[in-house]
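Biologist: I have a new structure to look at. Can you walk me through it?

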Amino acid sequence: MQPDTANQTHTAEFVLVGFAELRETRLFLFSLFLTTYLLTLVENLAIIVLVGLDPRLHRPMYFFLTHLSCLEIGYTSVTVPKMLAGFLGVAGSQRISYAGCLTQLFVFTFLGATECFLLAAMAYDRYLAVCLPLRYAALVSWGACVRLAAACWLGGFLSPVLPVYLMSRLRFCGPNVIDHFFCDASPLLALACSDVSLKETADLLVSLAVLLASSAVIAASYGRIVWTLLRIRAAAERRKAFSTCAAHLTVVSLFYGTLFFMYARTRVASCISFNKVVSVFYSIVTPMLNPLIYSLRNREVNAALGRAFSCRSWKGQ
């Protein structure tokens with residue numbers, strides 16, 4: 001007798017548990033995550049508008065920064081709105097279709113990989129600015145910036161193709177409850193009825209390829225930057241050169257630290273609750289912090305903000 005393939009090979013939808021174990025504090029968590037999400041949108045939109053309106057910020061570094069802000073908006077918008085609806089108990093908010101789950105996984109991974117490549121491109125830009133200042137304008141033309149940004153987006157888009165395809169080939173015939181607030185790979189693998197070893201291997205190789213390739217560019221760029229700074233005798237010039245890299249280095253440390261922890265591993269996570277906390281940090285908290293880091297540690301952005309507000313105040317009068 002043939003098995004019932006409809007039950008063994010296809011799950012029509014999944015149920016996202018989210019933070020059900022914290023039901024007593026759901027209103028507090030809703031307010032906290034809503035505030036964080038709104039701040040993320042406002043801060044990153046402000047960066048995009050500020051760079052677009054201020055001619056003094058029409059430079060390669062800020063061109064890449066606007067792409068980073070677009071990524072941060074998309075990164076949080078893929079997961080947070082549905083999670084917020086779940087806190088409010090909106091009908092159907094915890095359910096997600098099979099196709100919707102794979103789509104969310106693809107888009108989230110695509111944006112995360114693109115951010116890795118974009119941070120590497122920004123590190124390379126800083127290397128050229130600090131180590132080759134006389135050739136910087138010739139090497140980093142607007143055409144080169146557009147091509148480099150396009151390569152980052154394309155590389156990010158291609159990164160999840162194989163992992164998500166292999167995920168779509170798995171059978172989900174048992175429980176359909178995902179102990180997470182979005183369709184991440186690890187909790188999905190825990191529900192699979194078929195062998196996940198090939199999928200885990202592909203996840204590991206793709207994750208390491210993205211993380212190691214981008215981090216190698218970042219490490220090499222900052223290695224050369226540090227070597228160049230050590231050869232500068234004047235302390236004031238050394239501090240000025242390093243200040244252009246401090247914000248980016250801080251963002252890289254936050255982003256890559258959590259990503260290496262979450263994805264550079266081969267086994268299905270054993271501590272789902274802790275992984276949810278880490279996921280909140282890199283998918284919700286970090287996108288909110290990045291614009292603050294760039295604005296607080298960057299004199300040019302602060303000056304542009306001051307000019308924008310002073311111009312608005314003058315027009316209001």
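Biologist: What should I know before starting?

Modeller: This is a predicted model: local features need pLDDT of at least 70, side-chain atom pairs count only at pLDDT 80 or more, and totals for chains, interfaces and linings use all residues. Residues are numbered from 1 along each chain as its sequence is written, and side-chain values use heavy atoms, with hydrogens and water left out.

Biologist: How many helices and strands does the protein have?

Modeller: There are 13 helices and 3 strands. Helices (H or I, at least four residues) and strands (E, at least two) are DSSP runs, numbered from the N terminus.

Biologist: What share of the residues is buried?

Modeller: Buried residues are 46% of the 317 in the protein. Buried means under 20% relative accessible area, exposed over 50%, partly exposed in between (1.4 Å probe, protein chains only).

Biologist: And contacts along the sequence?

Modeller: Take contacts between residues at least 6 apart in sequence: 80% of them join residues at least 24 apart. Contact means heavy atoms within 4.5 Å.

Biologist: On to helices. At what angle do α2 and α3 pack?

Modeller: About 155°, with the axes 9 Å apart. Axes are lines fitted to C-alpha atoms, for helices over the stretch in contact, and angles run from 0 to 180 degrees between N-to-C directions. α2 covers residues 26-53 and α3 covers residues 60-77. The two are therefore roughly antiparallel. Angles under 35 degrees count as roughly parallel, over 145 as roughly antiparallel, 65 to 115 as roughly perpendicular and the rest as oblique.

Biologist: Which residues of α2 and α3 meet?

Modeller: Among them are Y37, L41 and I48 in α2, and Y62, L65 and I73 in α3. The contact residues divide into 10 nonpolar, 6 polar and 1 charged. Ala, Val, Leu, Ile, Met, Phe, Trp, Tyr, Cys and Pro count as nonpolar, Asp, Glu, Lys and Arg as charged, and the others, Gly among them, as polar.

Biologist: Next, α5 and α10. Are they roughly parallel or antiparallel?

Modeller: They pack at about 20°, axes 9 Å apart. That makes α5 roughly parallel to α10. Contact residues include F117, Y124 and R126 in α5, and I218, Y222 and R224 in α10.

Biologist: What about α8 with α10?

Modeller: The axes of α8 (residues 161-168) and α10 (residues 197-230) come within 9 Å and cross at roughly 165°. So α8 is roughly antiparallel to α10. L162, P163, L166 and M167 of α8 touch L198, K199, A202, D203 and V206 of α10. Of these residues, 7 are nonpolar, none polar and 2 charged.

Biologist: Now the sheet. In what order do the strands run?

Modeller: β2-β1-β3, in an open sheet with mixed pairing. The edge strands are β2 (95-97) and β3 (177-178). Strands pair if DSSP finds at least two bridges between them. β1 (residues 13-16) pairs with β3 in the parallel sense, over 2 bridges. V15 is opposite V177 in β3.

Biologist: Which helix packs on the sheet?

Modeller: α5 (residues 98-131), which touches β1, β2 and β3. Its direction makes about 90° with that of β2.

Biologist: Last one. Is R169 buried or exposed?

Modeller: R169 is exposed, at 59% relative accessible area. It is in the loop between α8 and β3. R169 and S194 are 25 residues apart in sequence, and their C-alpha atoms are 9.2 Å apart.
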